[in-house]
Amino acid sequence: MRTTNAARLLAAGAALTALTLLAGCGGGDGGGGAHRADEPAVSKAAVPPPPVKPQQARTLPGMPPVLDPADLYAADRPGRLSPVVKDFPSLVYVPNTNSDTVSVIDPRTYRIVRTLKVGRQPQHVVPSWDLKTLWVNNDRGNSLTPIDPRTGEAGKPVAVHDPYNLYFTPDGKYAVVMASMDRQLVFRDAHTMKTVKAVPVTCFGVNHADFSADGRYFVVSCEFSGELLKVDTAAMKVVAHQKLPLRGAMPQDVKISPDGKLFYIADMAANGMWILNGDTFAKPTFLATGKGAHGLYVSRDSRVMYISNRGEGTISLYDFARHRLTGKWSLPGGGSPDMGGVSADGKVLWLSGRYNSEVYALDTGTGRLLARIKVGSGPHGLAVYPQPGRYSLGHTGIFR
């Protein structure tokens, strides 16, 4: 996101007052420390592929069959790399928004092995639907820089206006550009990036998104106006919107639950996340997680969601089955954990340190900080690649 420190403080101040009125909406144990013995832990071994179940009724035409309707992340188990990516080198790609570079880290040595010069203000590194390309979103440079994940080298930029963030429809047909300043959702050909349809929006700061289990709609956060949108995927049309029930709300990352019943929306001003029924799109409930809640990442066993609380240097652990927080990890000496992803084996959570020019690697079993790596200025939408999954829905890696 691109607000100033002053603006963030004003928003957070308003949020603190309003949150006293929302205390009854949700709760949970913020608990300090790593997992206890009775708490969920990330799987340490590969899980056999689940049987393919019948295609759900009325899924988006062309969308790959859902492996397991009870777990949308069933294809993301440790080591289950697609044949497309199985020979790609394992690397961590860090877009440095203020430096106009991408730092490439070897996750085995925790060392930078390459620094790529890209367009102005790179925000996120996004895996393509077909898994063959990484797209760097050069927001102010009005371009996408392709990276070949076979070599880790950058290619010729493609002209795309205001690409703050990037997603792909579940059928693989379209890229969806979150044109934040243009106030548009721009559907483009997923391969050529030619515009198919530009959809104006009434909110400010379209930002993050995730798709329903059937792929027929997706939920979008609008950070500058505190709103949510519901978008019909096939019709390329906003079909519903709502204002979050908190003055100064600043919704960020969006993630669907493994069973497909709920959407979670991190809110950096509310200091927690909203829990939304996407089908009814009714008023969401709220769960406090920590100051500056920002990124949402699902563990390889689909049991835990990691929530980066950028304003306090912590990561909260949310148990999907119990619908509650079960712990909180603190970065030694503080930090600003932002966006990132989980390693292919599920053992390491990688996060950018937005305001500290660094990257964090944390053990997902204990929360222990494994490495703190200095990178360029303003590291943001970090991508760990490759990751398990059959196809990508975009952002820093949403795989199905």
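Reader: Which strand does Tyr217 lie in?

Author: Tyr217 sits in strand β14, residues 217-222; strands are DSSP runs (E, at least two residues), numbered from the N terminus. This is a predicted model, where local features need pLDDT of at least 70, side-chain atom pairs count only at pLDDT 80 or more, and totals for chains, interfaces and linings use all residues. Residues are numbered from 1 along each chain as its sequence is written, and side-chain values use heavy atoms, leaving out hydrogens and water.

Reader: Why is Tyr217 called buried?

Author: Buried means under 20% relative accessible area, exposed over 50%, and partly exposed in between (1.4 Å probe, protein chains only). Tyr217 has 9%, so Tyr217 counts as buried.

Reader: What does Tyr217 touch?

Author: Leaving aside residues up to four places away in sequence, its contacts (heavy atoms within 4.5 Å) include Phe211, Lys230, Phe263 and Asp279. Asp232 is 15 residues away from Tyr217 in sequence, yet their C-alpha atoms are 4.5 Å apart.

Reader: And Phe204, why is that one called partly exposed?

Author: Phe204 has 42% relative accessibility, so it falls in the partly exposed class. Phe204 is in the loop between β12 and β13 (206-211).

Reader: What makes β9 and β10 a pair?

Author: Two strands pair if DSSP finds at least two bridges between them. β9 and β10 (residues 174-179) have four bridges, in the antiparallel sense. Tyr167 stands opposite Val176 in β10.
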